[in-house]
Amino acid sequence: MARTRVVIDTDPGVDDAVAILLALARDELDVLALTTVAGNVAIDKTTLNARRLVDLSGRRDVLVARGAARPLAGVAGDASEVHGADGLGDQVWDEPRTPETDETAVELLGRLADEGPLTVIAIGPLTNLATALARDPLFDTRVERLVVMGGASFQGNVTPAAEFNIWSDPEAAVRVFAGRWPITVLPLDLTHQAVLRDDDLAFLRGLGTRVGERCAQMLEPYAAYHERWYANRDIIMHDAAAVYAVLDPSAITTQGVTVAVETGGEHSRGATWFDRRRAHENSTTRVGVSLDPERFRAVLRESLARYA
Ligand code: BDR
Ligand code: CA
């Protein structure tokens, strides 16, 4: 079986954590590295969390490289209200054994793209990818596939107009969406179909494993946050949907689009506009439209159950 070489560019983040554990559970993916970025919490915390998650997975071969501490313009966002002050629901962790690499995130992304076909799964603000492009204008041509969790058509989450990852660094998003790489972008309209429910938390606890218990612990406060904002207990697995899209591209229906990102505006900074008109139906930029929620939950359950 040919394994897909993957880097996950991430700001863990509770849903990032589940996405990473999903990816590391699956033999189809050769996860080479986690590259970190400031987003849900500050860069020191997202990098520490990435190291914790590699430890939790039991893997020794996954690199963790530190990325951007702030967006291209302005100051870093913060979603600790959603993810906890530490970014992972404020649980107790041992000091991780997984080290940080000497290479920066951007250096590592460049090297890994040179060494073979590479899929990048971007589940945080797009600062590292925009910086990699600025450093090497051919970087986009050396990435085989880019999957981005970001954007929203119907409604944002950090503001009514904007989704968090794009809002956190809209200038970077403009550059990334202007790149020549084939992009699959998964906006909130798609990721709100990728949900867990309370019985999934019970399932995870019932596994009796460290991974199952940790996931349930992290997801409980995350679920409580969603209940306050959305008045239901849907536990939205934004970032795991991006890994799911790589595991089985046929599991998500997509549409050819162009993407525009708002960098100005009084109320609309960070908003995304997907031009879904027919002229773009063959575009190599695809927006995720729908997935089967039951199939998604089943894949997530079965994958997380693989940890001993
Ligand atoms: C995205 O924002 C972050 O809070 C999540 O980790 C996810 O990547 C959802 O808007
Ligand atoms: Ca994220």
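This section describes the overall fold of a predicted model and selected side-chain arrangements within it.

The protein chain comprises twelve helices and twelve strands. Its radius of gyration is 18 Å, close to the 19 Å given by the globule rule for 308 residues, and the chain is therefore as compact as a globular protein of that length. Along the principal axes, the C-alpha atoms occupy a box of roughly 50 × 45 × 40 Å. Of the 308 residues, 58% count as buried. Among contacts with a separation of 6 or more, 80% are made by residues 24 or more positions apart. The accessible surface of the protein chain amounts to about 12,400 Å², and carbon and sulfur atoms contribute 52% of this area.

Four aromatic pairs were identified. In one of them, the ring centres of phenylalanine 139 and tryptophan 181 lie 5.7 Å apart; the pair is classed as edge-to-face because the ring planes meet at 85°. Phenylalanine 139 belongs to the loop between α5 (127-135) and β5 (145-149), whereas tryptophan 181 belongs to the loop between α7 (170-177) and β6 (183-186), so that the pair links distant parts of the chain, 42 residues apart. Both phenylalanine 139 and tryptophan 181 are buried. Another tryptophan, at position 93, has the charged end of arginine 214 over its ring, 3.8 Å from the ring centre.

Arginine 26 is located in the loop between α1 (14-25) and β2 (29-36). With a relative accessibility of 12%, arginine 26 falls under the 20% limit and therefore counts as buried. Its side chain forms a polar contact of 2.5 Å with that of glutamate 28. Beyond residues up to four places away in sequence, arginine 26 touches Leu247, Val299, Glu302, Ser303 and Arg306.

Note on methods. Residues are numbered from 1 along each chain as its sequence is written. Chains are lettered from A and ligands numbered from 1 in the order in which they are written. This is a predicted model: local features need pLDDT of at least 70, side-chain atom pairs count only at pLDDT 80 or more; totals for chains, interfaces and linings use all residues. Side-chain values use heavy atoms; hydrogens and water are left out. Rings of Phe, Tyr and Trp (its six-membered ring) pair if their centres lie within 6.5 Å; planes under 30 degrees apart count as stacked, over 60 as edge-to-face and the rest as tilted. Helices (H or I, at least four residues) and strands (E, at least two) are DSSP runs, numbered from the N terminus. Buried means under 20% relative accessible area, exposed over 50%, partly exposed in between (1.4 Å probe, protein chains only). A charge sits over a ring if NZ of Lys or CZ of Arg is within 6 Å of the ring centre and within 35 degrees of the ring normal. A polar contact is a pair of N or O atoms within 3.5 Å; within protein, one must be able to donate a hydrogen and the other to accept it, and residues adjacent in sequence count only if both atoms are side-chain atoms. Contact means heavy atoms within 4.5 Å. The radius of gyration is taken over C-alpha atoms; the globule rule is 2.2 Å times the number of residues to the power 0.38. Accessible areas come from the Shrake-Rupley method with a 1.4 Å probe; for residues, only the protein chains shown count as cover.
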